[in-house]
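Trainee: Could we look at a new model together today?
Mentor: Gladly, here it is.

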Amino acid sequence: MDKYLVLGNPIAQSRSPSIHQLFAKQTDQNIAYDKQLVELDNFNNHINTLIAQGIKGVNVTMPFKEQALAISDQLSDRAELAGAVNTLSFVDGKIFGDNTDGVGLVNDLKSQQVEFQGKRILLLGAGGAARGVLLPLLSENPALLCIANRTVSKAESLVATIKDSRAQAISFAQTQEFDFDIIINATSTSLSADIPPISSQCISINTVCYDMVYSKEETTFLKWCRAHGAKQVIDGLGMLVGQAAESFRIWRGVMPDIAPVLANLRVELSKD
Ligand code: ATR
C-alpha cells in the first residue's frame, strides 16, 4: 500500500489525514495517510529517512514550507514564485516540489460558481499566503489583479517579479478608487481578529469576499464585508480541501470531488 504523510510542528491539529482518507474512499485508492511531528532542526534528515522507508510523498505545513522548497530537486513554477512548497513527491530517488495552495483556492471558488474570466480581483497581503495564489489566479484570465499591502513596497516587488500587465500594486487607501468582483484576504489579520483597513467603497452586493483563514465563527473580515453589502462571503476551509485535492491528484492521477469532503469537514468544525 502506498504511504503518504503530512509533516509539521505542531501537527496534532491537522485535518489532512481525514481529508485524504475521504478522498481515498471516494476514488477507490488503496493508500495510507498519517500525520507526523518533525523536530524543528531535523527536516532534511527526516525527509531522507522517509524516502529510504519508501514513502511516496508528503504534504508539508508550518514551519517547513521553505525547507521543503530548498530540499526539492525540481520545482513547479507556482512553487518557485510562491517561495514555498506544500507537496513533495518522491519518484525514482528524486524530490519534486509543488505548491497546491493557489489551485486549492481557485478550485474552491469555482466549485462555488465563482468565475474569474474578465473579473477584477483584489488580493490583500504580500506575504507567503498571497505569493502562493498569484500564478493560479492569473492563469484564470482576470482583467485586473490588484495587490494591496500594508507595506506597499512588498506588493510592488511582487508585481515586478511576475511581470504581468494585469497585476498592479496599490495601498489599502487606494482601494477606494476601484470596484472589485472578488476580494481575497491573504493577510494574517484574521488570526488576531483584525481587518486590513480597505475602503468599503470597493465592495458591492456582487463582490465575492474570501478569507483564507477559517474558524468556527465567521472571521472578522467576512463579517465586515457582509456589513458593507457583500452577499457571498466564503472562508478558507474549502481552500484546505482544494489544496489537498490537488496534492492527491499529483500523487494518484485522480481528482477527487471537493464538495462532499468540504461538507463533512464543515460538520466536524461545528462540533469543535
Ligand atoms: P503568511 O505566510 O501567512 O502570508 P507573512 O508572510 O508573515 O505570513 O505575511 C503576513 C501578511 O499579512 C503580510 O502581507 C502583512 O503585511 P506587511 O507585509 O505589511 O507586514 C499582513 N499583515 C499582518 N498584520 C497586518 C495588519 N495588522 N494589518 C495589515 N496587514 C497585516
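**Rings and core**

Mentor: Tyrosine 4 and tryptophan 251 are both buried, where buried means under 20% relative accessible area, exposed over 50% and partly exposed in between (1.4 Å probe, protein chains only). This is a predicted model, in which local features need pLDDT of at least 70, side-chain atom pairs count only at pLDDT 80 or more, and totals for chains, interfaces and linings use all residues. Residues are numbered from 1 along each chain as its sequence is written, and side-chain values use heavy atoms, leaving out hydrogens and water.

Trainee: Which kind of aromatic pair do tyrosine 4 and tryptophan 251 form?
Mentor: Rings of Phe, Tyr and Trp (its six-membered ring) pair if their centres lie within 6.5 Å; planes under 30 degrees apart count as stacked, over 60 as edge-to-face and the rest as tilted. Here the centres are 4.6 Å apart with 25 degrees between the planes, so by that rule the pair is stacked.

Trainee: How many residues apart in sequence are the parts tied together by tyrosine 33 and tryptophan 251?
Mentor: Helices (H or I, at least four residues) and strands (E, at least two) are DSSP runs, numbered from the N terminus. Tyrosine 33 lies in strand β2 (residues 31-37) and tryptophan 251 in helix α9, so the parts are apart by 218 residues.

Trainee: Which residues do ring pairs link into a cluster?
Mentor: Tryptophan 251, with a relative accessible area of 13%, is buried. Ring pairs link into a cluster Tyr4, Tyr33 and Trp251.
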